[in-house]
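I opened the model today to look up a few local features. My entries follow in the order I made them.

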Amino acid sequence: MSTLTENPRTEFNLAIVGAGPRGTSVVERLAALAQKLGESAVHVRVTVFDPYRPGSGHVWSPQQSPNFLMNTPASFPTVAPERTAQEIGLSFRQFAAARGDGKQMSEAHAAQLRAVTDGTYPSRALYGEYLEHVYDRSVQALNSHPNFEVQHIPAEVVAVRPLTSGYQLEYRKAEQKRGSETALVVDSVVLALGHQSAELNPWQKQLQRSAQNAGATYMPPSVPADLDYSQFAAGEPALMRGLGLNFFDGMAELTIGRGGFFRETAGEPGHRFEYVASGREPELIVASRRGTPYWGKPVVDQFIPAEITLHYFDADELTGRLAEARAGNPDAALIFSRHIWPSLHRDILLAYYRQCAVVCSEHWDISLEDFLAGLEEILDAEHHEGNQVWLGKLREYIAQFPQLAWLDVPALARPFDQHGFGSSEEYQEAVRAYLEDNAVHSAAGLDDPLSRAIMTMNLGRMVIKDLVANGVLDEQSRIEEVQAHFEPLVEGLSSGPPLERIEQLLALSRAGLVTFVGPEPEFSFDEVNGQFTAASPWVDSEVHTASILCEAMMPANRVKQNNTELMVQLLADHVARVHSWNNAEGDTLPGSGFDVVGEPYRLVNAEGLAHRGIFVLGLQLSSFQWGTAIAAQAGDITNPAARTLKDAQLVVNEIARMVGLPYNDLQLGMSSAG
């Protein structure tokens, strides 16, 4: 192993491990710092490590299939504050409006970019072009400053070892063999690792072993662009487990990617497309726990339109009351079921029935104003400790209006709960009816009551994410209530694909190229026939079989399961530890992410001590941030939906403090970062 000499203190060496969206945000924020600095006495050397092209990293490569779409509209995502003058950074919306802001790209991507509007769901490849542009511009700005220098090393970091002063990184390039790693000593490390490979769970391992022994094909969870789709044989059945975004990526690649196309035949929602097959498609047999895909997004230009607001769920009021409670009890925290859900539930139903009234009130004997007054009187009422009493009162009130149905919000997560089907054909018809209903509601956008309710819930999710990140939510409540119950509800309704994908899925179902297994599917391997099997206890049909099973999902985001060399080394050498928490019975349970402390998030070692110079961003913060996002929302950097930008800014502020740069005098804080 060769080791480089530690730099003198007139230099500050920073390593950024991972150059996807979060690593790019750190580089851009460093460039924003450099733009405000004159020449100083300290030279800052930044080394970026990523085996992939920096900016786009692994997941967002511009070379991947154009069939893989983002699930946020173009108006939403950014890795930098919106450009207001001549700043380096810009949002993706600004990048599209500037027709690439001078970036050279293929004509195909340039044409796609010209077609982007606020409500467009761009390809991940196109977003990768944007990420690379922000990274390149930021590096150019840093390298042109006399006190900054950036280099990218296309290598995998396999170890981070604390020294008496600083840290030693060991890295290996693709052409290097194990044991021939190179070392670099740095003063500080930013871990922006993104998605990591992970060990399979015991049942997945058993399926994999059975498949290997029988010559069948098991495809474990992975990034969609990494899958070898040639393993799906034309005309043959193929099982896919998971009906989230990875499924829709695979669906598109195995249809459009094989020469088929969707012909628009009608403007009626739910019946837009007819699929024209190429004959090279497999027959997809698909399943998920709820039995249906995630709900297709409402057709609106903004991720959460300005018309969607929260009236009852007031985070500032809750945190103010909590601060008072902590004066007497420092361990006081918010409980989701007690302090948050009753208020958010009110907001969801208020949004729903207000819009119902707009649609239906002309057929009522009561005026719109009187209906809304009665609705708000019930929602406004205080019930001391009985914070759910209002729900029964509201149900009674709604029952007076025959045109209105009761919106059972929790049941939206289980569309076929306790519902049995006598045949597979019956179930296919039920799912198609569900998807057609999805199309009708989502196509109406803000005019639709259910779409307004869903977007209100999504806005509530953004606020809850901020409460979690601020450490005011009880940890057991976060894990057992938010993540176990609320997350499946809000993810299933708010994190789905663009509506176009739902319309395409309907066309494929009608063409017989997609078959739905049913809720709570059971997968196994038939050793006699050498095939995978899948069946639902709620659908009375023959067992589905196939010689290939694809896990249409990302690898598990749990640091104890992640099996990359770096993740294993950090835990094995006690450089890091898994966050743990105690339940009401006093049991200590492992969390999903690293243990960190403070803001910026410093990594905590096995002895419980925080590293002075190792910072963590992104997915490995899952024990402290619920639902870590792939991007920030463009606009105000103080918005809860811009958390990834805030985290990057705080890291850069702390690095500036460590280097001795006058970042406070330059007002580089959150108020000026946007």
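I looked up Arg99 and found it in the loop between helix H2 (92-97) and helix H3 (107-114); helices (H or I, at least four residues) and strands (E, at least two) are DSSP runs, numbered from the N terminus. Arg99 has a positive phi of about 55°, although it is not a glycine. Most residues other than glycine have a negative phi, and most peptide bonds are trans.

I noted that this is a predicted model, where local features need pLDDT of at least 70 and side-chain atom pairs count only at pLDDT 80 or more, while totals for chains, interfaces and linings use all residues. Residues are numbered from 1 along each chain as its sequence is written, and side-chain values use heavy atoms, with hydrogens and water left out.

Next I checked Gln418, which is not a glycine and has a positive phi of about 60°. Gln418 sits in the loop between helix H10 (389-398) and helix H11 (424-443). Is Gln418 buried or exposed? Gln418 is exposed, with a relative accessible area of 59%; buried means under 20% relative accessible area, exposed over 50%, and partly exposed in between (1.4 Å probe, protein chains only).

I then found a cis peptide bond joining Glu599 and Pro600, with omega at about 5°. Pro600 belongs to the loop between strand E22 (596-597) and strand E23 (602-604).

I turned to aromatic rings. Rings of Phe, Tyr and Trp (its six-membered ring) pair if their centres lie within 6.5 Å; planes under 30 degrees apart count as stacked, over 60 as edge-to-face and the rest as tilted. The count comes to 29 aromatic pairs. The rings of Phe49 and Tyr171 have centres 5.0 Å apart and planes at 50°, so I logged this pair as tilted. Phe49 is in strand E3 (residues 43-49) and Tyr171 in strand E7 (residues 167-173), so the pair ties together parts 122 residues apart in sequence. Both Phe49 and Tyr171 are buried. I also listed one aromatic cluster, formed by Trp60, Phe92, Phe95, Tyr127 and Tyr130.

Last, I looked at the nonpolar cores, each a set of buried Ala, Val, Leu, Ile, Met, Phe, Trp, Tyr and Cys residues joined through side-chain atoms within 4.5 Å. The largest nonpolar core has 90 residues, and Tyr353, Phe371 and Phe486 have the most contacts inside it. Helix H8 (residues 336-360) gives the largest share of this core, twelve residues. A second, separate core has 33 residues, including Ala34, Val190, Val659 and Leu661.
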